[in-house]
Amino acid sequence: MQRASCISLFRWHPNATPFPLLPAGGPPDRWPLSGEYGFPMVNTPSQLPEESAAVFAILKHKAREIAAHLPEPDFYRDHAGDLALAHRRLDQDPLLCELRAFVIERLDDDFGHGIGHALKVAADAGALCLIEGARAGHSDAHVRRTSLICQAAGLLHDIRRKRPNHAVEGAHYARKALLTFPVDAGEIDAICYAIRNHEAFQRIKAPPTAIAGLMSDCLYDADKFRWGPDNFKDTLWDMVAFFNPSLSDFVARYPGGMQRLDEIKATFRSHTGKKYGPQMIDYGIRIGKELMTVILTEFCHMLE
Ligand SMILES: [Fe+2]
Ligand SMILES: [Fe+2]
């Protein structure tokens with residue numbers, strides 16, 4: 001197949017639905033995980049698993065090379081101090097250390113939403129909370145405690161990631177789990193509200209308190225920051241390893257995934273998330289576009 005026809009193949013699927021191959025009523029292991037992430041796939045065995053695995057390994061390397069040439073997103077430069085504090089507390093605060101150990105024991109780590117994802121979300125959510133709490137005029141002590149509790153929500157938010165309605169199930173799970181941790185009832189309510197409302201493209205209920213609303217917005221935005229470069233550096237390849245798609249299937253789903261990335265830009269909720277989130281997503285989209293060019297030029301023969 002010549003390159004031109006490969007490009008045509010790609011363009012035949014500009015509006016691919018998220019799950020075009022989803023079998024109605026299929027067995028549970030063929031169902032996709034709930035459709036939050038950018039590149040949904042079903043667990044369909046590849047026809048050429050070894051060859052596909054080799055190609056995906058190359059593509060992962062290429063994606064990371066492309067990402068390495070992009071500037072650091074402005075959020076990490078402009079708010080380095082808040083992020084440093086959030087990272088330090090993840091390593092040193094007793095509550096977060098205990099919760100982190102709890103999550104590591106219980107979180108599936110094989111499909112892109114494991115402990116690495118949880119730690120990044122917890123760090124960014126904590127920083128966002130520091131910024132947003134200060135903007136709202138809360139006292140330093142109040143802001144710091146709210147940020148810490150938001151980091152706890154970040155650690156726990158995908159604890160039920162492989163379940164349908166994982167946000168709702170995760171909130172139920174967190175409510176029970178947190179009874180053994182040093183957090184009060186109001187803080188548990190806020191954590192559970194934030195976890196319940198962290199999934200994209202879903203309706204959200206009104207927050208029980210203003211502080212729960214602030215925490216929820218920060219958790220959501222930190223989670224969606226991951227749809228930027230992180231999606232192509234890490235998440236996508238962990239999901240590929242889990243779902244084992246053929247390259248053709250991967251390519252067929254690519255336009256739908258890219259479209260979802262574009263759509264997520266308008267959903268950031270906090271002032272700071274709205275300011276910095278779209279840039280991160282745009283960086284992800286740039287990586288995704290360059291990566292597709294690599295696929296169409298170097299692996300065209302596998303798309304016949
Ligand atoms: Fe999630
Ligand atoms: Fe997440």
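**View 1. The order of elements in the protein chain.** From the N terminus on, the elements run α-α-α-α-α-α-α-α-α-α-α-α-α. That gives the protein chain 13 helices and zero strands. The model shown is predicted.

View 2. The protein chain has 304 residues, and 41% of them are buried.

**View 3. Helix H5 packs with helix H7.** Two packed helices are described by the angle between their axes and the distance between the axes. Here H5 covers residues 94-106 and H7 covers residues 140-156. Their axes lie 10 Å apart, at an angle of about 10°. Angles under 35 degrees count as roughly parallel, so H5 and H7 are roughly parallel to each other.

**View 4. The residues where H5 meets H7.** H5 contributes Leu95, Leu96, Leu99, Arg100 and Val103. H7 contributes Leu148, Gln151, Ala152, Leu155 and Leu156. By class, this contact has eight nonpolar residues, one polar and one charged.

**View 5. Helix H12 from end to end.** H12 takes in residues 247-264, a run of 18 residues. At 1.5 Å a residue, H12 should span 26 Å. Its end C-alpha atoms are 25 Å apart, which agrees.

**View 6. The kink and the buried residues of H12.** H12 has a kink of about 40° at Tyr254. Buried residues of H12 are Leu247, Phe250, Val251, Arg253, Gly257, Leu261 and Ile264.

Notes. Residues numbered from 1 in each chain as written. Chains lettered and ligands numbered in written order. Predicted model: local features only at pLDDT ≥ 70, side-chain atom pairs only at ≥ 80, totals over all residues. Helix = DSSP H or I, 4+ residues; strand = E, 2+ residues; numbered from the N terminus. Buried ≥ 20, exposed ≤ 12 C-beta atoms within 10 Å, placed from the backbone. Axes fitted to C-alpha atoms, helices over the stretch in contact; angles between N-to-C directions. Parallel < 35°, antiparallel > 145°, perpendicular 65-115°, else oblique. Contact = placed C-beta atoms within 7 Å. Nonpolar A, V, L, I, M, F, W, Y, C, P; charged D, E, K, R; others polar. Expected span 1.5 Å × (residues − 1). Bend = angle between axes of the 7 residues up to and from the residue.
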